[in-house]
Amino acid sequence: MALKQPVHIAFFILLALAITSCGEEPNSRKKVNEEFTLSPKDKAPFGGFVLRNFSEKIFSQQKIRVNKRVFQRWQNTLINNADTISDNHVYIIASPQVFAYEAEAEAMHDFVRRGNTLVVITDNINDIFSEKFAIRIINDERRLPFQLDLKMQDTWVQMTDTAVFTSKRYQYYYFPFLRKLSASAQYSTVNVLGTNQASLPDFLRIRMGSGQLFVITNARAFSNYFLLSSNNYQYLLSTFAYLPAYPASITWDEFYVSRVGRQPEGHSIFSALLSIPALRWSFWILAGLALLWLLSNLRRKQKMIPVIQPNTNTTVSFIQTIAQLYYSKKDHANIGRKMAAYFIEHLRSRYYMPAMPLSDNWAAMLSHKTGLSVSEAYNMTALMKKAQAGDNFTEADLLELHFAIKRIEEKK
C-alpha cells in the first residue's frame, strides 16, 4: 500500500509530551493509569489515541470513516449504497476483546469472502468468532509455572520479513508479549507476518475466498505507550503496509471498543433466567398471580366511611352537673331556678320555642313541641314558675322537675 512516510518527528514528540505530561505538576507522583482500552479518545498509556491519529497520517490520501453500529447493520448499509460489496473495502477493529456473535461473525465472514479486507487487533475473541474463522488466541501467561512471577521486562514484537522491514524488533518495557495465534489447517494460505518475543506467531494473514483476514494479538503494541516508545510507530507502518494499496473505503470500528464484555444480542439477564426451567416456571406462575390480582382489583374500591357519633347534649349534662353542685348544699330553690333557665334555653335552641312568659300558652306549646301530655306540660310549667319565684321550692319539687326534664330527653 502506498504510505506517506512520517517525517514530522516534531509532531510525534509534541504528541508524546501532551499525553505524558499535560496538566501534571512538576515532581508529581500521580499513579499511572494502566487500564487497557485502545479507545480512539483515550490518551492514557494504553489508550488508542495515537493509533487513531497515526492512522489518519498514514491514510492521509483517503478519509477514514467511523462505524458505531453492529457490524451486520453497517454491512447492510454498505450493500444498499454500493453497486457491489466486492469493491475491496477495508474494515479495522482495534479493541482489547472482540465478542462478535452469530449474526455478526457470519456477516464478517461473508464480508471477507466477497473480496474485502478485515483487520482485527485484539487480545481476546469469543468462541463464536473463533469457530467461525477457525482461529485461536492463546495466552502463554497461563502456561507459566505457578511459582514463576510474571514481571516487567524489555519485551518486543517483530516482523518476520526482515528483508523488507529494516527494524526487526519493536520493544518497550512492560509485561512480556506472550500471546500467540493458531489458525486451522483448513486454510490453503496462512502467512505469519509477525511474532512475539518467543518467536511465536502473533500476526497472521489468512486468505479467504477473494478477500483476506488480518488477525493481530498482543494488542498493547498498538497502545499510546508502545507507539511512542523509541521508533515503534514504524511497527504500525509495517502492519498497515500489507493492506490494499487503493481500497474503495476504509472504515474504523468504534462499536466493539465501546462495548467490551457486552452480552450477546437478544440475550439478557431476563433471557438467562428463562433458560432455567425451574426459574422459568416460577416466573410465569408469579406473572399469572400478579395478573389475577390486577384483574380482581380493577374495580375501584371506595374507602370505608367512618360512622360519626352524634353530638352529645351538653346542655342537659351541664344542667345536671350544676344541679348536683347545688343539691349538695341543700339550696333547692337556686337549683330549680338554674335548671329552669338552662332548660328554657335548651328548648329554644332544640325545639325553637320562642322567648315568652311561662303561661298556659307556653305549656301548650311545650306539649306540642316535646310530645308531653297536656297535664305533664302544665305541671312542669308550674314547677318552673315556682322555682323562679323561689317560694317553698322543696326537695320533692326539685326531683319532680328533674324527672320531667329527663322524660323530655328520653322522647327525642
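1. The loop between β8 (190–195) and β9 (201–208) holds S199, a residue with a positive phi of about 60° although it is not a glycine. S199 is partly exposed, with a relative accessible area of 48%; buried means under 20% relative accessible area, exposed over 50%, and partly exposed in between, with a 1.4 Å probe and protein chains only. As background, most residues other than glycine have a negative phi.

2. The model is a predicted one, in which local features need pLDDT of at least 70 and side-chain atom pairs count only at pLDDT 80 or more, whereas totals for chains, interfaces and linings use all residues. Residues are numbered from 1 along each chain as its sequence is written, and side-chain values use heavy atoms, with hydrogens and water left out.

3. A positive phi also occurs at N218, about 55° in a residue that is not a glycine. N218 lies in the loop between β10 (211–216) and α6 (224–227), and at 3% relative accessibility it counts as buried.

4. The sheet to inspect is an open one of 9 strands, in the order β1-β11-β2-β3-β10-β9-β8-β5-β6, with mixed pairing; two strands pair if DSSP finds at least two bridges between them. Its edge strands are β1 and β6 (169–174), each of which pairs on one side only. Neighbouring strands of this sheet are turned by 20° against each other on average, direction ignored; the axes are lines fitted to C-alpha atoms, for helices over the stretch in contact, and angles run from 0 to 180 degrees between N-to-C directions.

5. Strand β11 can be followed residue by residue. Strand β1 (residues 64–67) pairs with β11 in the parallel sense over 4 bridges, with V66 having W252 as its bridge partner and N67 standing opposite D253. Strand β2 (residues 90–94) also runs parallel to β11, joined to it by 3 bridges, and here V90 stands opposite I250. Within β11 (residues 250–253), I250 and W252 point one way while T251 and D253 point the other way, and all are buried. In a regular strand the side chains alternate between the two faces of the sheet.

6. Where does the nonpolar interior gather? The largest nonpolar core has 38 residues, and those with the most contacts inside it are F222, F226, Y235, L236 and F240; a nonpolar core is a set of buried Ala, Val, Leu, Ile, Met, Phe, Trp, Tyr and Cys residues joined through side-chain atoms within 4.5 Å. Helix α7 (residues 233–240) gives the most to this core, with 5 residues. Another core lies apart from it, made of 28 residues, among them F133, I206, M208 and Y256.

7. Helix α2 (residues 49–58) has 7 of its 10 residues buried, so it is largely enclosed by the rest of the structure.

8. E106 is partly exposed at 39%, and K132 is partly exposed at 22%.

9. In another salt bridge, R179 meets D123, the closest N and O atoms being 3.9 Å apart. This pair links distant parts of the chain, R179 in strand β7 (residues 179–183) and D123 in the loop between β3 (117–121) and α5, 56 residues apart. Both R179 and D123 are buried.

Technical notes. Helices (H or I, at least four residues) and strands (E, at least two) are DSSP runs, numbered from the N terminus. A salt bridge is a side-chain nitrogen of Lys or Arg within 4 Å of a carboxyl oxygen of Asp or Glu.
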